[in-house]
Each structure stands twice: as structure tokens, then as C-alpha cells.
Amino acid sequence: MASLLNTVYSVTLSSNSNTFRTPALASKPISISLNRRRLVVRATETDTNEVIAKAPDKAPTESGSSINQILGIKGAKQETDKWKIRVQLTKPVTWPPLIWGVVCGAAASGNFHWTIDDVAKSIVCMIMSGPCLTGYTQTINDWYDRDIDAINEPYRPIPSGAISENEVITQIWVLLLGGLGLAGLLDVWAGHNFPVIFYLAVGGSLLSYIYSAPPLKLKQNGWIGNFALGASYISLPWWAGQALFGTLTPDIVVLTLLYSIAGLGIAIVNDFKSIEGDRKMGLQSLPVAFGSEAAKWICVGAIDLTQLSVAGYLLGSGKPYYALALLGLIAPQVFFQFKYFLKDPVKYDVKYQASAQPFLILGLLVTALATNH
């Protein structure tokens, strides 16, 4: 095999009897002889031990986790099975907050009963919110982020070429149409005169699109983009669950939009690992705009102050026990913020989210039960 490493070239030009040669600076030259009718390129052989391939630092190893691959998080094993790659693109690790949002909406409605019919409706609503529409959101986000991922995470399925462009586009349409179809089914099932769940699904899908796609690409602005993401993860599934079993009221709309500020904080957590690519692509994520140190405190402030405000609202509404329960769930979140996130938001992002987020979503349920209609 020709060696192009550790070699300085020697070039010989021959035409009749005239020869020009550059001084040879290496013992293993590559020479080029040029005659009237032909060009011959010869490269010297080299020992393969002289060439050492060096993979990028961010490349995953063959011993990566199969579970991480299915969940769509870092540390994933390289996979060639197309169906596993398709699941990876939908990031199942992001489904639980949406599924939980449906539970909170059903609880807040005051009309959910443990009957086969209600349980079946709630499961279909969870499939719509999680695998279908969240899967659509994550896939379309990866599609429009493929250039950034080529910088930050070049071994993700799309920039690595593990799945073709046509396959990705097909997946986007199947998930979108599947989610909208289930939304329409739920409206018919619930006997709605106005298809509220279908319109919520359309609105959420449109928000997902303009979040990721140009020319609007809301994620270019750290404040607007992350709030839109937070609303998608907290407000929309709650609204769908409550509309399915009861009536969506203005006070719930306002309360859940307030809670979406906490969702903004959660979204910032994921921005730290993308600083390099975001900066190169001109995206003003909060870690890029304010720096990592300031962005860390903006993140935890958005999460904690929002929940404290909701606890104050519950206390003012004459529901002190629910307010105290929410305060009890905020405390461990603050502990894990100092233990993991504030130390190193990139290194400990997964540990932090796995440790703290369960308490946040339990707080959502406490709030839903407190506002039970």
C-alpha cells in the first residue's frame, strides 16, 4: 500500500533527454515520470505498521451499549439493523414525559375512571403523544440537524450514513400521519363535536416543524426554541389528556404554560453537548450566547423557580398539602443539580436527568391532582 505519511516527495519530469528533479528529502519517494504519451505514477511500498489509523475522539466503540442505542442516547453501540436504527432516531428516552403528560391531563380532568374503555383511550393517546408525534419530532430534528451532528456527533445514524435520506423522510411522514390519524380517532372515540385533540396534534406537529426547519428554525434562538420545546413536552400532552376525558379550561392552559418554563430549563441541559456545532452553525443556544457558566444557572433557575411559583399558586389556592408535597419534590432536584449538573453539565447530563427528572414529573402529577376538575 502506498504511504502518504511521513514522506516528502521526489518528482522526476522526463521529456526526451531533459530531466528536472527536486531535491529528495526522504528515503521513500513518490516519483512521477512524464513521457510524451504517458504518465506513470509509482509509489513505494511501506510497512503497514507505519500507518496508524486514528478515529475521532467522539466515535462510539463496538462495545457500546445496546440499550443506549435503542433509547437514542450517547454511548450507543454501532448498529446495522435498520429497524433498530429507526427506533434510535425516535429517541424513546424522550417519550416518558409526553406519556406522563397524558396521565397528568387525565388526572386533572376529574373524569378518568379505571374502566377498560378509559384505559384503552389513554393508551392510544400515549402512543399518539410518545412514539408517533415525539418520534416524528425527534426524527425531523435529527434530519435538519444533520450538518450540526456531523460536527458534534458524526456517528449518529443520519450523518454517518447508517440510514438513507429516503428512509428518513419516509419515517417522518409515517410517524406524522400515524399520530394525526390517532388524534382524529380519539376525537371520534370521545364524542367530540369539535376535533380538539386533532387540532392540538396539528398545532404540535407544526410547532415541531418550525422548531427544527428553516426559515424560522426556532431553535436558533435559545429562549424561544427551548420554551417551544418545553411547551411541547409539558403543555400539549397534558391538554390532550384533559381534553380526552374532560374540558380544557383557561386556568389549566395558563398553569401548564407556566410549567413549560421548567421545560425550557430541561431543554437547556441538552444544549451543552452541542456548543461546538451550534457556534459553528450560528445557533444562539443559551450556552453559546451566555457561556456555559451562566447558562448552567439559567437552566437550574428556570426549573426551580417555576416549580416554586406553582407551589405558591397551590398554597394561595387553599391547597397547602399539595404545595408542601411539591416543595418536597423540588428539594431532591436541587440536590442533584449541585451533585451532578453544576459540576459538569456535559459529563453528568445523563446522570443528572435520570436522577432529578423523576421528581419533576411527579411534581407535575401532584399539580394535576391539585387542580382536579
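Let me start with helix H14, residues 320-341. At 1.5 Å a residue, its 22 residues should span 32 Å, and the C-alpha atoms at its ends are 30 Å apart, so the two values agree. The expected span here is 1.5 Å times one less than the number of residues in the helix. Helices are DSSP runs of H or I with at least four residues, strands are runs of E with at least two, and both are numbered from the N terminus.

A word on the source. This is a predicted model, in which local features need pLDDT of at least 70 and side-chain atom pairs count only at pLDDT 80 or more, while totals for chains, interfaces and linings use all residues. Residues are numbered from 1 along each chain as its sequence is written, and side-chain values use heavy atoms, with hydrogens and water left out.

Back to H14. Which of its residues are buried? Among them are Ala-323, Leu-326, Ile-330, Phe-336 and Tyr-340. Buried means under 20% relative accessible area, exposed means over 50%, and partly exposed is in between (1.4 Å probe, protein chains only). The cover over the buried residues of H14 includes helix H10 (250-269), helix H13 (292-316) and helix H15 (349-370).

Now the whole protein. It has 15 helices and four strands. Of its 373 residues, 45% are buried. Contact means heavy atoms within 4.5 Å. Of the contacts with a separation of 6 or more, 63% are between residues 24 or more positions apart.

Next, Asp-118, which lies in helix H4 (residues 116-144). Is Asp-118 buried or exposed? Its relative accessible area is 8%, so Asp-118 is buried. Asp-118 touches Asn-111, Phe-112, His-113 and Phe-245, leaving aside residues up to four places away in sequence. A polar atom of the Asp-118 side chain lies 2.9 Å from the backbone nitrogen of His-113.

That brings us to charged pairs. Side chains of opposite charge can pair when their charged atoms come close. A salt bridge is a side-chain nitrogen of Lys or Arg within 4 Å of a carboxyl oxygen of Asp or Glu. How many salt bridges does a search of the whole structure find? The search finds ten.

I will show three. In the first, Lys-121 and Asp-118 meet through their side chains at 3.8 Å, N to O. These residues are three apart in helix H4, so about one helical turn separates them. Both Lys-121 and Asp-118 are buried.

In the second, the side chains of Arg-156 and Asp-142 meet at 2.7 Å, N to O. This pair links distant parts of the chain, 14 residues apart: Arg-156 is in the loop between helix H5 (146-152) and helix H6 (157-160), and Asp-142 is in helix H4. Arg-156 counts as buried because its relative accessibility is 11%, and Asp-142 is buried because its relative accessible area is 5%. Both residues also belong to a network of salt bridges with Lys-91 and Asp-149.

In the third, Glu-276 and Lys-280 meet at 3.5 Å, N to O. They are four residues apart in helix H11 (residues 275-280), so again about one helical turn separates them. Glu-276 is partly exposed, at 38%, whereas Lys-280 counts as exposed, at 57%.

Last, the cysteines. A disulfide is a pair of cysteine sulfur atoms within 2.5 Å, and by this rule the count is zero. Cys-104 counts as buried at 0% relative accessibility, and Cys-125 counts as buried at 0% as well.

Conventions. A polar contact is a pair of N or O atoms within 3.5 Å; within protein, one must be able to donate a hydrogen and the other to accept it, and residues adjacent in sequence count only if both atoms are side-chain atoms.
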